[in-house]
Amino acid sequence: GQMDLNIKSPIVWEFYRNTLQTLAGYGASIVRLDAFAYAPKEPGEKNFLNDPATWELLDKVKVLADEYGLQLLPEIHASYSEKIYQTVADKGYMTYDFFLPGLVLDAIENKDGSYLAAWADELRDHQIHTVNMLGCHDGIPLLDLKGMLPEERIQSLIGTIVARGGMVKDLHGQKNIYYQVNATYYSALGADDDKMLLARAIQLFMPGKPQVWYLVEAVRHAGAGGHKEINRTNLNAEQINTALQRDVVQRQLDLLRLRKTHPAFHSDAEITTTWNVPVLNICWKHGADMIVLRADLVKDKFEIQ
C-alpha cells in the first residue's frame with residue numbers, strides 16, 4: 001500500500017523540499033502530486049478531501065514548488081457532479097482531465113460527440129487549464145464520469161472494455177462502486193488502428209496540455225492487486241524499435257509533432273467546438289493561424305485543415 005507521512009513533522013517537510021529540489025534539478029517543470037487529498041488526516045474525520053486541511057496542505061507545498069520554478073498538478077479522482085475539478089481550477093492549479101478518456105471512448109463507440117463538445121465548451125468558458133490523456137497510469141477512469149455521462153452509458157462502456165480484456169477496479173474493494181477499468185487504451189478500442197488514431201487526434205485538439213501513456217500487459221504478470229501495472233511495462237530497445245515501424249505509431253508521432261509545432265496551438269488560442277452529426281469539429285485560432293480537426297465518428301476517420 002501507500003505509506004502515510006506525518007505532515008505535521010518538520011522532517012517530512014524537509015523531505016518534501018529535498019524531493020522537489022531534486023526533481024527540479026533533473027529538469028522537471030511540472031510535478032504531479034499523487035493522491036494528495038488523502039494526506040491530511042485527523043481522528044474522527046474522513047480520510048479524503050478534508051476541508052480546509054487539504055487545501056492548506058496544497059498551498060504549503062506550492063510555496064516550496066514556487067522556490068524551484070515548479071508547477072503542481074494535483075491528482076484527484078472524484079465524480080463530475082462533485083465539481084472538485086472546478087475547485088482545483090479556481091484555486092489556480094492545473095486540473096488533471098480524468099474525464100477525457102471515457103468521453104472519447106464513449107464518443108467513438110456510440111458515434112456521438114455531444115458530450116465531448118459540451119466538455120470542451122466548459123473548459124473554455126470556465127478557463128479550466130488541464131493536463132489530459134487517454135489511458136493514464138492506472139488505466140481508464142470511470143468514477144469521474146458519474147454525473148457527466150448517463151449511468152447506462154457508463155455501464156455500457158464498462159461492458160465493452162471488459163469484453164475486450166479489461167478488468168474493473170472497484171473503489172476500496174466495494175463491488176458496487178466502480179473506480180476504473182484497467183486496460184490500455186488501444187485494447188479498450190478493440191485494437192483498432194483507425195479508432196486509436198482518431199482518439200489521439202481528438203485528444204491533441206481538445207483544450208489542455210496533452211500527456212501520452214503507452215505500454216501493455218504488465219498487469220497480467222503482477223498478480224493480485226497488480227492493476228496499477230497496466231501502463232508500466234518496461235520495454236527494451238528492440239521492442240521499442242519494432243513498435244516504431246508500425247504505421248499507427250508513426251502517424252501518432254506525426255500528430256504529436258503537429259501539436260507541438262503548429263502556431264495555432266497557442267496557450268491564448270481561441271478554441272471552438274461544434275458537433276454536427278456525424279462530425280466533431282475542433283478549431284484552434286491564434287492571430288492569423290488556424291487549424292481545424294474534422295472527426296467523423298461514424299467512419300472512424302478524420303482530416304486536419
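**View 1. An open sheet of four strands in a predicted model.** The sheet has the strand order β9-β10-β11-β12 with antiparallel pairing, where two strands pair if DSSP finds at least two bridges between them. Strands (E, at least two residues) and helices (H or I, at least four residues) are DSSP runs, numbered from the N terminus. At the edges stand β9 (270-276) and β12 (301-304), each of which pairs on one side only. On average, neighbouring strands of this sheet are turned by 10° against each other, direction ignored. The model is predicted, local features need pLDDT of at least 70, side-chain atom pairs count only at pLDDT 80 or more, and totals for chains, interfaces and linings use all residues. Residues are numbered from 1 along each chain as its sequence is written, and side-chain values use heavy atoms, with hydrogens and water left out.

**View 2. Strands β9 and β10, with the helix that packs on them.** Seven bridges join β9 to the antiparallel strand β10 (residues 279-286), and Thr272 stands opposite Cys283 in β10. Helix α5 (residues 114-125) packs on the sheet and touches β9 and β10, its direction making about 160° with that of β9; contact means heavy atoms within 4.5 Å, and axes are lines fitted to C-alpha atoms, for helices over the stretch in contact, with angles from 0 to 180 degrees between N-to-C directions. In the loop between β9 and β10 lies Pro278, and the peptide bond leading from Val277 to Pro278 is cis, with omega near 5°.

**View 3. Helix α4 and the residue that follows.** Nine of the 11 residues of α4 (residues 100-110) are buried, among them Leu103, Asp106 and Ile108; buried means under 20% relative accessible area, exposed over 50%, and partly exposed in between (1.4 Å probe, protein chains only). Just after α4, Lys111 takes a positive phi of about 55°, although Lys111 is not a glycine. Lys111 counts as partly exposed, at 28% relative accessibility.

View 4. Asp300 is placed in the loop between β11 (289-296) and β12, and has a positive phi of about 55° although it is not a glycine. With a relative accessibility of 11%, Asp300 counts as buried.

View 5. The bond from Asp51 to Pro52 is cis, with omega near 15°, and Pro52 is found in the loop between β1 (30-33) and α2 (53-67).
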